Structure formats: C-alpha cells, structure tokens
Number of protein chains: 2
Amino acid sequence: MKPRVGIVDVAREADVSIGTVSNVFNRPDIVAVHTRLRVLSVVERLGYVRSENARVLRGLPSRIIAVVVHDLTNPFDMALVQGAEEAARKAGLAVMVCTRAQNAADEARCLARLAEYEVRGVLITPTGSSDSFKAAMERAGVPFVLMDHDGRQRRPSGCSVAIDDVAGGRLAVQHLLDRGHRTIGFISGPQHLPQVEQRRAGAREALTQAGHSTIALTELTCPAMTVAAGRNVGRRLLSFQNRPTALFCANDLLALGVLQELREAGLRVPDDMALVGCDDIEYAASASVPLTSLRRPGRLVGATAVQLLEAAPTLSDGEHDGRQVILTPELAVRRSSRRET
Amino acid sequence: MKPRVGIVDVAREADVSIGTVSNVFNRPDIVAVHTRLRVLSVVERLGYVRSENARVLRGLPSRIIAVVVHDLTNPFDMALVQGAEEAARKAGLAVMVCTRAQNAADEARCLARLAEYEVRGVLITPTGSSDSFKAAMERAGVPFVLMDHDGRQRRPSGCSVAIDDVAGGRLAVQHLLDRGHRTIGFISGPQHLPQVEQRRAGAREALTQAGHSTIALTELTCPAMTVAAGRNVGRRLLSFQNRPTALFCANDLLALGVLQELREAGLRVPDDMALVGCDDIEYAASASVPLTSLRRPGRLVGATAVQLLEAAPTLSDGEHDGRQVILTPELAVRRSSRRET
DNA sequence: TTGTAGGCGTTATCAC
DNA sequence: GTGATAACGCCTACAA
C-alpha cells in the first residue's frame, strides 16, 4: 500500500510550491510555460490525481448528481438513467443511481445518504410519497428535478420535466382516425396510472375534435399489463358483435398479446384490426407484424432533467422552482396500423 | 442559501464539544445517554448531515463503487448494473455508473475521474483495451473486478467473475439430446465474441460426450444478431434437405426470428423444430411459442462482483489478485423445446 | 510569476 | 465522559 501521492509530493519533486501546482490545474494561463511543463511531467511520472473530496470540502460545487428511480428493471426507468448518464457525462458530471426503496424508512436513509455525499442535485421519479421527499430535499438545500411528473397535477415546488400523455393519446387516436377507423378500442391496465389516464383523455379529445362521440371509444380493462392479459383481451374481442377496427393499448405487451391471439384466430393485422401500442419496446419493431407504438422519450426526459439542474444556479430561486418542461411523445408508425396500399 | 450546518453548530447548540458529537455517531456506547439524546435532538432540529467528503478526506474508506459498462441499452449490461446496485445498497454503498467511451482518450479521462472521486473500487466489463485499463487501475491503487470475463483467457491480474459459457452450451445441447434430437443446428452471429465461441465449444463437447460426431452440429452464421437475421436463417433452413430438428441460437432475437418464419411456413415448434435461445430476454417467455432460453445470470454477476470487492481488503494482495468466481448459466425450459406429451 | 497561510468538516489521540 | 487539537488535501487570497 503506497501512500497517496498528493500535491505536496508533486511540488517537492518539481521544485515549486504547492500553490504553483494548484495553479497549473486551475489557472494554467498564469503560470510560466516551462514551469507548467515541468510540473505536468512530474504529475505524470508520479501518477498524481486530484482529490475531488478535498475540492468540494473546500467549497467548490460537487460534480455528482443522483438519479433516483423506481426500478431499474423497468425499461422506461432505464431510459431515464441512460439519458441522464449521457447528458451528465457530456457536462463533466458523474451519476449515482439509486433505486427507490419501498418503505419510507429506507427512502429516508437513501435520502440522507445523498445529502451526506453532497450531491449537486437529484433527479427523481415521483411517487405518492414524493411530498415528504420534496420537503426533505428542500430542507437539505439539495436542488432536485422531478422526472415524468404529470404536468396537470398541482404545481410542484421543484422544477420538473414531464411527457405530454394527453398529446400522446390524441396522436395515437388521430392516426387511427386518419386511417379511416371509426370504432376504436382503448385497452388499459388495472391501476389507474395517471399517465394512462391522460392518454385516455387525449384519445377522447381526438374523437370529439373530429366530431365523433366518445361512445365510439370502446374501453376495456385488463387485470395486468402483460402479454397474457393481452391474449385474454384478444379472445374477448373475437366474440364482440360490434368489434372495433382498431385498438390503442396502454402497453406494447398488451398489444403483442392481442396480436398473437387475433392472428391465431385467423384475423389479419392491420386489415381486420389495426393495433397501436405504447412504449416502443425493443421487440415492438420485430413482432410478427411490426407494431406501431407511441414512443415516450425517456432518454430525452433524463437528459433534459440534467440540463434543468445545471440551469438552476443561474436562475433565482423563484424562477427555478416550478419551472416545467413538457416533452411530446411521437408515434412510431409501423405495419400494424398501416393498411396495405 | 443558508450555510451548511456542521458539527460545530451542533456542538455549540447542544453545549458539548465537537468531539462528543462525533462520538455520538461513531461510538455511541461511550457517551452518556442523556448527552447522546440531547445531541441527537439538536441534530434533528438543525437538520445536520455528516459530510462524507470530510470523512474520506480524513482517511476513511470511500463508500462509492463505480460500475463501468459498455452500453446501458444492452439488457445484459443493465442486469450487471441492477445486480451491483442491489448488492451495494445492502452493503451500504452507493454506485456510480459510467458507460465506457469508445475512444481511448475518453476512457482515460473517465478513469481519471473515478480516481479523483477516490471510489472504493471499480466493477468493469472488459474489452480489448482492458489491459491498459488494468495497468491504470493498478497504478492508481484502485481495486477492481472484471465482470463477464471469460475464464479461459490468460489469468487477469485483478479478480473477476465470469459465466461458464462452455457449460451453457453443453447444457443447451444436452437438453436437446435428451429430447431425442440427433441433428442440431448452431446459429451464431457475425463477430466471434468469446462468449458465443465458448457456447459453441460447449455444444460440441456435449455431442462428443454423448458419443456423436461433431458433424451433427450444423453451424450457420448470421450477419447480425437480430430478429430480421433470424428470419433469414429460418428461410434458409426451409430449403435444407437434411434439416436439423433442433436449433441453438446465439441470441433470443435470432431465435424469435426463426420462430416467426418457421411458423409462417406452416412448421410446428417444437414438433418440427425445437428452439433454444440465449439471454432469456423479457419477451422470450411471451413469444407465440414460449421460448426455451439459456439464462446468463447477469444480476448475480453484478452482485458477486460487489462481494468480491468487499472481500478484497480482508485478503492479502496475492490472494485478491487472480481470484475468480465462475457462475453457471441455467436453462429456462419452455414450450419451444418441449415435445408435446 | 511564485510562495505562504488559513480554513473547509471530520475523526482520533490525548489530557482532563 | 468529555474537551481540545492535529491532521487529511486542496484552493485562494495576499504577500513577496
């Protein structure tokens, strides 16, 4: 175990003062060229690395941001992390990932840890308990950004970046209307997730805007948002007398299940039934009939959140707080909704 | 911006010395109960949080570990991160994620950063350039663990945790032999990834062990490891006069492509063709015929890597270096390889 | 252009 | 049981 080589070692070896070594890094312009070169070569030779800990202890801003998500297994959460990591890297920041614990006690501990590390800021996906979280963050004076926070809810105290799911629902249904469909089904999951609810609202809007009654929206609920549940819905649909000609599913997995069941029953997609999923999971494009899907820009949410965090210090507190960015989802149109030409 | 509340503020407010406050946290047993309670209440009231930076500056071990992977988009890499995060959390450690930059310069910078943060250790997936990486890490004195490092290569200087892909290949083919298949196809990708090569070797071993010639292994190569490539292979196979009755694919996507193509041509899976994929991606279990897949325990690799890192200090350098854990993959058997009863 | 000194928040070692 | 004090490594005024 060799003892850590510090700035003093470099100074001694290069025969300059520690102040000069520091200047070589922090204000290279004010130090003589030959001195700088000499110092740099010693740095290289000794393998000196600065101590970030000492820097922030001294009062400089930390270069770590934390990303707190629900569950890394969830592809959307992962996209948030990816986007944040990429943006952070470009900004010279490191990212710490935390999965949000279920119980409040764990969450508090996790939070305390983040504060102990003196992270520059926290990017977090909200939950029911996010109020207590916000209070804690504000108390600790740590800036934070809410990710995928539904914009219609009461104004959050921190700033946030959300996805406009109402627009998403509108987009999907508008697309189906454009293709000539008049009876459309909306397949949702069991829990009333705000995001799904908003897509439903958007779907209704699209219908009324086009002069149709919302009755034309056949709504079906599933016990789970899985392929198996989708299969069940598919089977249910087969026996409908007034079967919709198009479906907007809350989830790609649901859509894929429906797809499998319909095809096995001999129906053609999209001719007998057009399908639009949501999330644009990796496999959607490769399904037996490539699936049209509403793509929610998770990576962009993560990246934007980082930018918001970085912009914070340049704004007054009032401006930072409550600042919201709303991102628009886009529709990846594939064969499952495209009538044969 | 209120100034950070430090240990001195707590001490003053609680009317004790800073040493006592420190003791309350670090050796609660040696401080009088009433004093401790008083201090704790002040801590609570003032919202005091310890400074991790000051701690490690003082010489205590850092509580951050870094996970360096290739690409967070890759599900296997993600599994590594998940496993590491979970294990780290349980061990009271925080994890920092870095995606490995393509060019050497970026990689060097990334590395330098990690050293600056004085991370407790680094978990990394190896590449061609991993030698220079190891040299750099050793120079900086940062312990590291290689993840998914193929164990048959020359002994690494750090310790590592790998997956026994030879065993994996053996497992898959053994399973097919058990089901009565005698001509088996091996579908591999374009690049000669060590992991895939080892699975091929394992497949051959299984055949010879069972007393068959390796000729029975029909080997096909794809230009990519995607569903589309799998479809192509499926089409190619249709015209084979001596078509294998079972396929082991390097990848679930390949297997799913083959599956789609064969079914569209009217063949039955598994009756006319049994299929085994690899990676056990989320969708494998939900395919139109649920796919048997070789599951590589990525999460376990990540978790084990953390444990190896934690065990390091208790071992002498000699023991730590070169220590290797090899994990065994398992076969998730589903209908695609299970003959109807 | 370079050197010097003070302090950031902790912990550990010693007196009391 | 408790209090004072010296590090840890760095940055930054300010003095030379």
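# Chain contact and DNA surface

Strand E2 (residues 94–99) of chain A runs antiparallel to E2(B), and three bridges join the two; strands pair if DSSP finds at least two bridges between them. The model is predicted: local features need pLDDT of at least 70, side-chain atom pairs count only at pLDDT 80 or more, and totals for chains, interfaces and linings use all residues. Residues are numbered from 1 along each chain as its sequence is written, while chains are lettered from A and ligands numbered from 1 in the order in which they are written.

**Contact between chains A and B**
- Within the strand pair, A:Val95 stands opposite B:Val97.
- Chain A and chain B each give 37 residues to the contact (C-beta atoms, placed from the backbone, within 7 Å).
- On the chain B side, at least two residues each come from H4 (52–57), H5 (75–90), E2 (94–99), H6 (104–116), H7 (130–140) and H11 (252–264) (DSSP runs numbered from the N terminus: helices H or I, at least four residues; strands E, at least two).

**Surface near DNA strand D**
- Of the 26 residues around DNA strand D, those that come nearest are A:Gly6, A:Ile7, A:Ala54, B:Ser17 and B:Gly19 (near: C-beta atom, placed from the backbone, within 6 Å).
- Two or more residues each come from H2 (18–26) and H4 (52–57) of chain A and from H2 (18–26) of chain B.
- H2(A) gives the largest share, five residues.

**Domains of chain A**
- The assignment, automatic or from a database, gives domain 1 (7–50), domain 2 (64–163 + 298–327) and domain 3 (165–297 + 331–337).
- The centres of domain 1 and domain 3 of chain A, taken over C-alpha atoms, are 64 Å apart.

Terms used: Two residues are in contact if their C-beta atoms, placed from the backbone, lie within 7 Å.
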